[in-house]
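Take a look at the model below.

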Amino acid sequence: MLSKEKTIEQLENNIRVCQKCRLCKTATKAVPGEGNINSKIVFIGEAPGEMEDKTGRPFVGRAGQLLEKSLEKIGYKRENVWIGNIIKHRPPQNRDPLPDEIAACEGFLAMQLEAISPLLIVTLGRFSMNYFYPEGKISRDRGRVIRSGPYNVYPVYHPAAALRNPGMMKDFLSDFVGIPAVLKKLESSNTVTSNIPDVTEHDDGQLGLGL
Ligand code: SF4
């Protein structure tokens, strides 16, 4: 049996040569995901954007800067957590991923998460939330812990959406502030007690990022 490191490395290599959907034909680089594979918390977005496509790294554009600053404000460093996407190649012009593209790609994330085995998955945006909770509505279910199979999922708005919409920014920052308390609660119980969706307690304070 492969070690966790070798499993992740092999998956990344497979992603880089994958041709299971049309997106590999228009993308520049695959973006498998990066960070600490021993982290208790992972952040999952939708798909690579322009900067991610150029660099092969997740969340390195403006949305990534917001994510990094938000992480710092709650005491995490980017390199301490694992960050990935559902879709590993950029959709042209950042269009929404199509159902057959999501279906073709979803196995990679499933295998990455199985290897990492995080205690908490923070989903960024509705596509990522719907990967774990297809009936979910981001405006209704953000900021709550949802049990999805073996995982505890905490949906927040996508940082790119927050940058476009001041109302979403307020909710994004408010939900982000709640992450340490959610993680602490999960660490003490090692599970949430009820199924979908379980409202969690969190601080409604602002991060004060000045963004
Ligand atoms: S987006 Fe996913 S399924 Fe499609 S080619 Fe890339 S890695 Fe393969």
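Predicted model: local features only at pLDDT ≥ 70, side-chain atom pairs only at ≥ 80, totals over all residues.

Residues are numbered from 1 along each chain as its sequence is written, and side-chain values use heavy atoms, with hydrogens and water left out.

Start with the whole chain. The protein chain has 10 helices and six strands. Helices (H or I, at least four residues) and strands (E, at least two) are DSSP runs, numbered from the N terminus. The chain holds 211 residues, and 52% of them count as buried. Buried means under 20% relative accessible area, exposed means over 50%, and partly exposed lies in between (1.4 Å probe, protein chains only). Now consider contacts, meaning heavy atoms within 4.5 Å. Take the contacts in the protein chain with a separation of 6 or more: 75% of them join residues 24 or more positions apart.

Next come the helix pairs. Two packed helices are described by the angle between their axes and the distance between the axes. Axes are lines fitted to C-alpha atoms, for helices over the stretch in contact, and angles run from 0 to 180 degrees between N-to-C directions. Angles under 35 degrees count as roughly parallel, over 145 as roughly antiparallel, 65 to 115 as roughly perpendicular, and the rest as oblique.

Find helix H1 (residues 4-16) and helix H5 (residues 99-116). Their axes are 9 Å apart, and the helices pack at an angle of about 165 degrees. H1 and H5 are therefore roughly antiparallel to each other. H1 passes H5 in a left-handed crossing. A crossing is left-handed if the near helix is turned anticlockwise from the far one by less than a right angle, and right-handed if clockwise. Which residues of H1 and H5 meet? From H1 come Lys 4, Thr 7, Ile 8, Leu 11, Asn 14 and Ile 15; from H5 come Phe 108, Met 111, Gln 112, Ala 115 and Ile 116. By class, this contact of H1 with H5 has seven nonpolar, three polar and one charged residues. Ala, Val, Leu, Ile, Met, Phe, Trp, Tyr, Cys and Pro count as nonpolar; Asp, Glu, Lys and Arg count as charged; the others, Gly among them, count as polar.

Stay on H1 for a moment. Glu 12 is found in this helix. Is Glu 12 buried or exposed? At 17% relative accessibility, Glu 12 counts as buried. Leaving aside neighbours within four places in sequence, Glu 12 is in contact with Pro 32 and Gly 33. Glu 34 is 22 residues from Glu 12 in sequence, and their C-alpha atoms are 9.5 Å apart in space.

Now move to helix H4 (residues 62-73) and helix H9 (residues 166-177). Their axes come within 10 Å and cross at roughly 40 degrees. H4 and H9 are therefore oblique to each other. H4 passes H9 in a right-handed crossing. Leu 66, Leu 67, Ser 70 and Leu 71 in H4 meet Met 169, Phe 172, Leu 173 and Phe 176 in H9. The contact of H4 with H9 has seven nonpolar, one polar and no charged residues.

Step back to the loop between H3 and H4, where Phe 59 is found. Most residues other than glycine have a negative phi, and most peptide bonds are trans. Phe 59 has a positive phi of about 50 degrees although it is not a glycine. At 4% relative accessibility, Phe 59 counts as buried. Val 60 also has its place in the loop between helix H3 (50-55) and H4. Val 60 counts as partly exposed, at 21% relative accessibility. Beyond its neighbours within four places in sequence, Val 60 is in contact with Met 51, Glu 52, Thr 55 and Arg 78.

Ser 117 sits in the loop between H5 and strand S4 (120-124). Its phi is near 55 degrees, a positive value in a residue other than glycine. At 53% relative accessibility, Ser 117 counts as exposed.

Finish with the cysteines. How many disulfides does the structure hold? It holds zero. A disulfide is a pair of cysteine sulfur atoms within 2.5 Å. The sulfur of Cys 24 is 6.2 Å from the closest cysteine sulfur, in Cys 21, too far for a bond.
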